[in-house]
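Biologist: Hi! I'm new to this one, could you walk me through it?

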Amino acid sequence: MADGGREVAAPGGRTLRERFADLAARVVSAVILVLVVVILLWWGEIPFTAGMTLIVAGGLWELHSTFRRHGYRPAGWLSLAAGCSFPVMAYFLQRGESADLTPMVAALALCVPVLLAWCLFGPHSGSPTTDVAVSLLGVVLVGFCLSHFVLMLRFDTVSWTAPFAVIVMVWIYDAVAYFAGSAFGKHKLAPRISPGKSWEGTLAGSAGAFIAAYILYLTLNRAWLTLGVSMELAAVVCVFGPLGDLSESMVKRELGIKDMSSLIPGHGGIMDRFDSMFLTAAVSYYFLRFLVFKA
């Protein structure tokens, strides 16, 4: 707003025009991302797997680049290759007759000694322990966890419905939590880790996730997505979405940065945009597999 030719500062030290510009960029970016993911899901299993692999690659690249700028030496290319292998492996596993995930678990177990040896005996920083931790964190949190969206494709004859339902709930939660927290958030959720997150935003986001779950129950019309299952999935989102978000915020707080990158206008980087999905994807998969589909 203008006041005698001056810009009136909004809370937080920014003008209302700057806040509106940031909000507009965030909304446009979010809409484009949602459309891209939905198109990939409807296009087919291979395009969706390719999209997930690119997201994993971008997230790992951001994570490693950020730590390298702060003097650390994670096993960049090795960790990147390992992380990207999981969505591809998940694609072939979900097309098989059984739901045996032994190959993925074996690959994950193999990553530990390989990355450990690389960071110890290869080029490393003054803190090889951190180098190992960052390398493993990327592989597990980004590559392994996000690959569970690909594994969800086996659950239904209309393969896109399960990952679509979870992804929509997460993004609705994030959007509502952000807008509500920005508008009337006063009580900080975890001030030492993420000062911008509030209890008001968290509760509003949770309400949004449950409403989205109810709408998905009405519109998708799938036998497995009962009202009870949809509400339970929303509960998973409301617990593990914020936990994943805060986990990434903890890393950024330690490094003293706001975003992992500026790749996505209004959101930061891939890690910033998809952090709520890391843990949610894995937990939702095992919830659906063992308690709903009993596979």
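Modeller: Happy to; we'll talk about helix packing and then a hairpin.

Biologist: What should I know before we start?

Modeller: This is a predicted model, where local features need pLDDT of at least 70, side-chain atom pairs count only at pLDDT 80 or more, and totals for chains, interfaces and linings use all residues. Residues are numbered from 1 along each chain as its sequence is written, and side-chain values use heavy atoms, leaving out hydrogens and water.

Biologist: Great. At what angle do H7 and H8 pack?

Modeller: Helix H7 (residues 199-220) and helix H8 (residues 227-255) pack at about 150°, and their axes are 9 Å apart. Helices here are DSSP runs of H or I with at least four residues, strands are E runs of at least two, and both are numbered from the N terminus. Axes are lines fitted to C-alpha atoms, for helices over the stretch in contact, and angles run from 0 to 180 degrees between N-to-C directions.

Biologist: How are H7 and H8 oriented to each other, then?

Modeller: H7 and H8 are therefore roughly antiparallel; angles over 145 degrees count as that, under 35 as roughly parallel, 65 to 115 as roughly perpendicular and the rest as oblique.

Biologist: Which residues of H7 make the contact?

Modeller: Ser206, Ala209, Phe210, Ala213, Tyr214 and Tyr217 of H7 do, and their counterparts in H8 include Leu227, Met231 and Cys238. Contact means heavy atoms within 4.5 Å. The contact residues of H7 with H8 are eleven nonpolar, two polar and no charged. Nonpolar covers Ala, Val, Leu, Ile, Met, Phe, Trp, Tyr, Cys and Pro, charged covers Asp, Glu, Lys and Arg, and the others, Gly among them, are polar.

Biologist: And what about H8 with H9?

Modeller: The axes of H8 and H9 come within 7 Å and cross at roughly 145°, in a right-handed crossing. Among the residues in contact are Glu232, Asp245 and Lys252 of H8 and Asp272 and Asp275 of H9. By class, that contact has twelve nonpolar, five polar and six charged residues.

Biologist: Is H5 with H9 left-handed or right-handed?

Modeller: The crossing of H5 and H9 is left-handed. Helix H5 (residues 128-151) and helix H9 (residues 270-292) pack at about 60°, with axes 8 Å apart, and are therefore oblique to each other.

Biologist: Switching topic, which strands form a hairpin?

Modeller: S3 and S4 do, with three residues between them. Strand S3 (residues 188-190) and strand S4 (residues 194-198) run antiparallel, joined by two bridges; strands pair if DSSP finds at least two bridges between them. Lys188 has Ser198 in S4 as its bridge partner.

Methods. A crossing is left-handed if the near helix is turned anticlockwise from the far one by less than a right angle, and right-handed if clockwise.
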